Amino acid sequence: MELYWRLPVFVQEAALSFYAGYLEKAYYGDGYEDWRQKFENWQTWSRTDAEAWQSERLRALVELAARRVPYYKMRWQGIDWKSVRSPADLRILPTLDKQSLRQNEREFIVEGTEPKSLWMDKTSGTTGSALRIYQPMSMLPKWWALVEVAIRNVAGVSQNMPRAMMGSRTIVQGSAAGPPYWRFNRRWRQLYLSSYHVSKNTAADYVQALHDYGSKWITGYGSAIAALAESALEAGIKPVRLRAAIVSGDTLLPGMRESIETFFGCKCFDSYGQCEGVSIAMECPQGRMHVVPAAGILEILRDDGSPCGPDEVGEIVATGLLNDVMPLIRYRVADYAAWAEDQNCACDNHQPIIANLEGRVDDYVITSSGRKIGRLAGFRRSPRIHSSQFVQDSPGHAFLLVRAGRDYSAKDALAVRDDILSRIGGLDIVIVEVPEIPKTPQGKTVSVVRLADRPEMRETYARLLGSASNHTSTQTAVGASS
Ligand SMILES: [Zn+2]
């Protein structure tokens with residue numbers, strides 16, 4: 001990263017295009033076209049076809065896991081895994097939580113796997129440390145074929161149309177005082193916009209870049225794209241017309257959707273997935289979220305592990321069907337949803353519909369210069385920090401709540417804070433160690449709490465932060481100007 005910052009912009013952009021060339025081979029190379037055709041009509045698969053596909057994949061994966069994956073070999077002793085023939089039989093197997101995966105990552109890899117054949121992805125949740133997910137290289141064309149037909153094409157766009165992206169990558173330094181707040185990947189005609197420099201003052205530059213680079217659609221975190229739309233509307237900038245906005249990664253609140261649709265003059269499609277690659281769901285033009293059966297088997301469970309009825313919110317438990325080097329079976333994703341009461345949709349898609357997707361409720365923090373920073377994922381995390389949360393009490397000022405993990409020391413929290421400041425700047429961050437991260441009244445853990453928007457939680461934090469301030473040794477206040 002150090003080296004990247006010292007390079008001139010055009011060299012940084014050449015590096016991005018070069019890297020995209022490498023990804024292109026991995027994602028869109030051998031097998032991609034065949035898989036794209038195979039998945040092309042996924043929406044019109046009948047329930048029977050979908051279940052047949054799932055059952056076949058499931059049987060193969062369960063057998064692989066039981067015979068050749070150390071974790072399951074041990075954990076499933078005494079379980080009649082051979083009787084798992086279809087998705088409905090899954091419930092005889094135990095569920096798997098993130099903590100067990102984190103502690104035993106390597107135990108989930110099929111014995112005898114050649115490390116060179118693996119592709120590694122890190123998850124980016126703001127709480128807890130990142131997980132390393134391994135996939136066979138051969139899974140990538142399948143996955144990206146599915147992304148193309150089940151996500152982009154549903155929104156009427158495709159990989160080969162110029163697009164803008166707002167994700168967690170920091171491609172522009174936090175201290176940048178003027179444009180460009182983006183880098184252009186020529187190979188994919190992908191305009192990568194910084195999520196960390198959006199404000200009323202910079203919005204016009206962003207919008208000009210969308211025009212200059214001919215972006216036809218935009219994708220990334222809903223909170224970041226909404227922050228751009230809101231800042232542009234606030235600044236009185238003439239709306240841009242795009243073909244679609246496709247958001248994922250955090251909860252799309254109704255106000256965010258409205259801002260995006262107003263400013264970009266197109267439908268905002270919400271999509272759902274995770275780095276673990278265990279399930280995908282995509283909103284259709286009717287505004288309903290259909291599960292993509294080829295990616296994984298999705299269950300929605302009550303706390304006692306029984307399946308939820310229609311319209312009953314429960315935890316999402318997913319079994320990925322495409323990864324046969326690190327099978328995740330009945331994996332608790334830590335998101336919540338319900339099966340929609342009405343499973344019929346006016347669109348052509350026959351696949352099951354979920355509703356009330358939540359658990360990824362994120363929020364902005366606002367820097368001292370009024371920049372809205374959406375989704376704080378992607379920052380350095382420490383395996384010694386159990387979980388963390390931002391609590392913003394006023395613009396430019398926030399608390400970083402840290403729950404210590406094993407071998408934790410104050411240095412770990414400082415490193416996280418410094419990483420954040422180096423990227424975004426303009427925020428005073430006070431570190432506070434807490435025994436537990438408070439949950440919302442709905443029982444959800446969120447990574448950012450802006451007290452101005454959550455009056456119901458003010459008392460909880462007043463108590464927590466009030467008592468924490470008595471222990472000055474655990475606190476560090478450092479100012480940073482933007
Ligand atoms: Zn539909």
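Helix 8 (residues 203-212) and helix 9 (residues 222-234) pack at an angle of about 110 degrees. That falls in the 65 to 115 range, so helix 8 and helix 9 count as roughly perpendicular to each other. Keep in mind that this is a predicted model.

**Helix 8 against helix 9**
- The axes of helix 8 and helix 9 sit 9 Å apart, and helix 8 passes helix 9 in a left-handed crossing.
- On the helix 8 side, the contact is made by A203, Y206 and V207, and helix 9 brings L228, S231 and A232.
- Sorted by class, the contact of helix 8 with helix 9 has five nonpolar residues, one polar and no charged.

**Helix 2 against helix 7**
- Helix 2 (residues 9-28) and helix 7 (residues 139-152) have axes that come within 6 Å and cross at roughly 90 degrees.
- Helix 2 and helix 7 are therefore roughly perpendicular to each other.
- Helix 2 makes this contact with A26, Y27 and Y28, while helix 7 uses L140, P141 and W144.
- The residues of the contact of helix 2 with helix 7 come out as six nonpolar, no polar and no charged.

**Nonpolar cores**
- The largest nonpolar core has 99 residues, and L146, A150, I225, L228, A245 and V292 are those with the most contacts inside it.
- Helix 7 supplies the largest share of this core, with ten residues.
- Leaving out residues up to four places away in sequence, A150 touches F39, W42, I280, M282 and V292.
- There's also a second, separate core of 25 residues, with Y196, F390, F399 and V434 among them.

Note on methods. Residues are numbered from 1 along each chain as its sequence is written. This is a predicted model: local features need pLDDT of at least 70, side-chain atom pairs count only at pLDDT 80 or more; totals for chains, interfaces and linings use all residues. Axes are lines fitted to C-alpha atoms, for helices over the stretch in contact, and angles run from 0 to 180 degrees between N-to-C directions. Helices (H or I, at least four residues) and strands (E, at least two) are DSSP runs, numbered from the N terminus. Angles under 35 degrees count as roughly parallel, over 145 as roughly antiparallel, 65 to 115 as roughly perpendicular and the rest as oblique. Two residues are in contact if their C-beta atoms, placed from the backbone, lie within 7 Å. Ala, Val, Leu, Ile, Met, Phe, Trp, Tyr, Cys and Pro count as nonpolar, Asp, Glu, Lys and Arg as charged, and the others, Gly among them, as polar. A crossing is left-handed if the near helix is turned anticlockwise from the far one by less than a right angle, and right-handed if clockwise. A nonpolar core is a set of buried Ala, Val, Leu, Ile, Met, Phe, Trp, Tyr and Cys residues joined through C-beta atoms within 7 Å. A residue is buried if 20 or more other C-beta atoms lie within 10 Å of its own, exposed if 12 or fewer, and partly exposed in between; C-beta atoms are placed from the backbone.
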